[in-house]
Amino acid sequence: MAMCKFVVLCLLIHLTWGELSCPSTPPGLHKESPSPEELKGCKKYSCNSCCTVESSKELAMNPLESAGRWNFTQCNRTLTNACSATFSEIMCFFKCSPNLYVFENKVEGFRKRIPLCNWFCDRWFTTCMNDLTCVMDENWVTGYKHTSGEVDTCFPSSKCRNYTQVYGGDEDKPGKTMCDQLFGDAFEYSEDEDLCLDPFQEQHNVEIINEFFNGTKETQVCEEEVSNYTDAGMIVGIVFGVLGGIFIILAALAFYKRKRDSKSKNIKKPEEGTAQELATMTTAPVPVTLPKDDSSSDE
């Protein structure tokens, strides 16, 4: 069933194109095509990003304050660190990734129902469940007072509620309402582990897109993103290898020192003789026998 939904979704997006591109709407918020940027935030997309340096500065804040129209300091309270980090990932993913063009209708210019993995959605809800929002309903697109070019604010009649009150209710799928509703129809909760995307893992997302489209769609992931997961084990291995080498060297030095000390103890010093013994050891003078004088005997 999930596979059928995904197929239908991709068939509906019938006017997608094969080259990397950036969203055309809302106008002016993205570049026309991705290119390298020295991003302040969302750095894993720096090699080819739809974000500009300026737009990434907002997403580099910790905790988040605002990103475009989205307000993250609602109810005069900042997000908790864990909630802010998860929002940062999904915002970077949506704004900066050059690989989401496959979900965009070229005529409408919108990306809709991007399938997010259920484990990401559940994590998103769990990290934010005690944070506050003043959204009127569940939808951030329509639930705030919006003025073009400015950050959204709470309606005068809105009340502050925590995310559990707004998006909770399904114990088996705690993040479903949040993924399906918070950003309108931009995302959807997906339980198909083989056909869902995770904002924390761009390499995984590229593999899913390439597999589904049989490699006909251009995708890109920065080398840093690939190495983030593979190099971690290598780094740990190198560290333990170096520590092991140091331990072996120290053990060898300790063994050598112990062996040297043991050998020196087994060597006996020569004993000094007594005065009497030394006297007996003195060589006596050898008497010299002179030859007889034959001339004296003749007289």
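Lys44 is buried, with a relative accessible area of 17%. In this predicted model, Lys44 sits in the loop between α1 and α2. The side chain of Lys44 makes a polar contact of 3.1 Å with the side chain of Glu89.

## Overall make-up

The protein has 299 residues, and 36% of them count as buried. Its secondary structure amounts to ten helices and six strands.

Of the contacts between residues at least 6 apart in sequence, 66% join residues at least 24 apart.

## Disulfide between Cys22 and Cys50

The model contains nine disulfides, among them the link of Cys22 and Cys50, whose sulfur atoms are 2.2 Å apart. A disulfide is a covalent bond between the sulfur atoms of two cysteines. The torsion about the S-S bond of Cys22 and Cys50 is about -95°, so this disulfide is left-handed. Cys22 and Cys50 are 28 residues apart, and each lies in the loop between α1 (2-12) and α2 (53-59).

Cys22 has a relative accessible area of 5% and is buried. Cys50 is buried too, at 0% relative accessibility.

## Disulfide between Cys75 and Cys160

The sulfur atoms of Cys75 and Cys160 are 2.0 Å apart and form another disulfide. A value of -115° about the S-S bond makes the link of Cys75 and Cys160 left-handed. Cys75 belongs to the loop between β2 (70-71) and α3 (81-96), and Cys160 to the loop between β4 (132-133) and β5 (161-162), so the pair ties together parts that are 85 residues apart in sequence.

The two ends fall into separate accessibility classes. Cys75 counts as buried because its relative accessibility is 19%, under the 20% limit. Cys160, at 45% relative accessibility, counts as partly exposed.

## Disulfide between Cys134 and Cys154

Cys134 and Cys154 form a disulfide with their sulfur atoms 1.8 Å apart. With a torsion of about -80° about the S-S bond, the disulfide of Cys134 and Cys154 is left-handed. Both Cys134 and Cys154 lie in the loop between β4 and β5, so their link ties together parts that are 20 residues apart in sequence.

Cys134 is buried, with a relative accessible area of 1%. Cys154, with a relative accessible area of 30%, is partly exposed.

## Helix α4

Helix α4 covers residues 118-128. Its buried residues include Asn118, Phe120, Cys121 and Asp122, and Trp124, Phe125 and Cys128 are buried as well. An α-helix has 3.6 residues a turn, so residues three or four places apart point the same way.

Strand β3 pairs with β6 in the parallel sense, over four bridges. Within this pairing, Pro115 stands opposite Glu188 in β6.

## Aromatic pairs

The whole structure holds 17 aromatic pairs. One of them joins Phe87 and Phe183 in an edge-to-face arrangement, at 6.5 Å centre to centre and with 90° between the planes. Phe87 is in helix α3 and Phe183 in the loop between α6 and β6, so that this pair links distant parts of the chain, 96 residues apart. Phe87 is buried, with a relative accessible area of 0%, and Phe183 counts as buried at 10% relative accessibility.

Phe212 and Phe213 form another edge-to-face pair, with 5.1 Å centre to centre and 85° between the planes. Phe212 counts as partly exposed, at 23% relative accessibility. Phe213 is buried, with a relative accessible area of 16%.

Methods:
Residues are numbered from 1 along each chain as its sequence is written. This is a predicted model: local features need pLDDT of at least 70, side-chain atom pairs count only at pLDDT 80 or more; totals for chains, interfaces and linings use all residues. Side-chain values use heavy atoms; hydrogens and water are left out. A disulfide is a pair of cysteine sulfur atoms within 2.5 Å. Helices (H or I, at least four residues) and strands (E, at least two) are DSSP runs, numbered from the N terminus. Buried means under 20% relative accessible area, exposed over 50%, partly exposed in between (1.4 Å probe, protein chains only). A polar contact is a pair of N or O atoms within 3.5 Å; within protein, one must be able to donate a hydrogen and the other to accept it, and residues adjacent in sequence count only if both atoms are side-chain atoms. Contact means heavy atoms within 4.5 Å. Two strands pair if DSSP finds at least two bridges between them. Rings of Phe, Tyr and Trp (its six-membered ring) pair if their centres lie within 6.5 Å; planes under 30 degrees apart count as stacked, over 60 as edge-to-face and the rest as tilted.
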